[in-house]
Amino acid sequence: MHTVRIGSGAGYGGDRLEPAIDRIRRGELDYIIFECLAERTIALGQLERRHDPKKGYNSLLEYRMRAILDAIREHPVKVITNMGAANPVAAAEKTVELAKEAGLAGLKIACVTGDDVLALLSPEMPVLETGKPLSDLGQSILSANAYLGADGIVEALKQGADIVITGRVADPALVVGPLRYHFGWAAEEYHRVGRGVLAGHLLECAGQVTGGYFADPGVKDVPELWNLGFPIAEVGEDGSVVITKLPGTGGMVTEATVQEQILYEIQDPASYFTPDCIADFSGVHTEQLGPDRVAVHGATGRCHNGQFKVSVGYQDCWIGEGQISYYGSTARARAELAGEIIRKRLKVRNCAYTELRVDLMGVDSLFTAADTSPLEVRLRVAARTADRANAAIIGDEVEALYTNGPGGGGGAVKSLREVVSVASVFVPQEKVSANVQIMEV
Amino acid sequence: MKLRELAHSRTGDKGNISVISVIAWKPEDYPRLKAQVTADVVAKYFQGVVHGAVKRYEIPGIHALNFVMEDALGGGVTRSLAIDAHGKCLSYALLELELPDWEG
């Protein structure tokens, strides 16, 4: 059966680059995807774009594209990425500029837009997470981007694009797009598209299926994580999926690494909602075909729900934070005393916060309190405030524990940040369409 | 016996929802996991951390359970005050769960 080879080049915005370039050079790939958008990345990009209309795309785009362009010169792998973030047009223009600098000619670079649906928002729309109307977020909305499906990517590839740069698309669409284009699947072939979504889901976090986010020494040993190889999916015309990686790289592809990633961030495995289909992973099983080769059988899909999920970014609050460490057999008692001092100091200072969290790192910051007193304990205080001035009090008061708090407090740090959060709404798919623009080098 | 002797696990997040898989190392231990690691057991284990409902899904082909825990991430990854806003550590918390003896 005819298969296509799709590599993964990034699993998040700041991921390692060498494994991707290695994949392009040695992987005999047809396509490589770079998934670089977290939930609120576009909202942050939008803020950046307001200051500079030529910005708002992934901050590593230039660094990545220089290396990618150099590698595809001899190994013409098609590149698909959502690094466009809040400004896919500017990202594509920058890529054209870099391609010219690199002396590449005849390259077609596509940008896919249409995900920006800020104009379609209305105040009464219910927020999916809370059921409350969007107007409750006030005047602070920064961005609204629909998780588009694969249509725009398919169209860009049909028009001959060598590099496709999108804004917000559903992560698996980065893989469903090339599969639909390559095999000529119709958008309505939901069984195959569902299998394509599985392939995309397994590739989208890059190293997380090849042994990253897995190791537990003595129980789950993974070789050479420092040199973790990113995954390659071999996908058949019928949507069958084999996950593998290149020889000479670290990590491993086993049934266990693949099984963990199949369920990663999936809620009901029978109904994984994507704009391209509702994928069904409830009947999957895995098969180790050889070293670092695992087949995943049994995925399918059915018609999507006709809605695009829209991620709405808004200016939410400020968070102020401070930390300080204590050592010794009384470390826990001194850290607890420090925490009590902070609570009283925040009252004295009239610090206006809506939520306060006081943790003892090493004791209870990650889960419930352990019944132990470790030799090292680090106090961490974090509070949510409406403004910068109140947020700043938190770190200042923790720092003041150096001279005013328990004995032997060390390593105080403080920080404050303005928080951009996201809320979700639905918009009907028929109100939104992807637009493709091709730029030639 | 601790859950970690029978299973491995991974946490994912969506907004304020934490999703934890529990995958039996050996298919023959799957009936035991289904009987002993119920949604109620997991809800009780995470009380104080998880404030919403806990649902369990079964994926028999890979001898796995998937726990979906609502209101579990301090308001959501983007605004949580927690040091581990994603709840990445919660899978390793669950693996410390002590299992009762098993006659099955």
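**A tour from the chain contact to a helix pair**

Start where the two chains meet: 39 residues of chain A and 30 residues of chain B make up the contact, where two residues touch if their C-beta atoms, placed from the backbone, lie within 7 Å. This is a predicted model, in which local features need pLDDT of at least 70 and side-chain atom pairs count only at pLDDT 80 or more, while totals for chains, interfaces and linings use all residues. Residues are numbered from 1 along each chain as its sequence is written, and chains are lettered from A and ligands numbered from 1 in the order in which they are written.

Helices (H or I, at least four residues) and strands (E, at least two) are DSSP runs, numbered from the N terminus. Colour that side of chain A by residue type: 16 are nonpolar, ten polar and 13 charged. Here Ala, Val, Leu, Ile, Met, Phe, Trp, Tyr, Cys and Pro count as nonpolar, Asp, Glu, Lys and Arg as charged, and the others, Gly among them, as polar.

Next, select 173-183 and 190-203 of chain A, helices H6 and H7. Their axes, lines fitted to C-alpha atoms over the stretch in contact, come within 7 Å and cross at roughly 135 degrees. Angles run from 0 to 180 degrees between N-to-C directions. Zoom in on the residues that meet: A:Leu179 is one of those in H6(A), and those in H7(A) include A:Val193 and A:Leu203.
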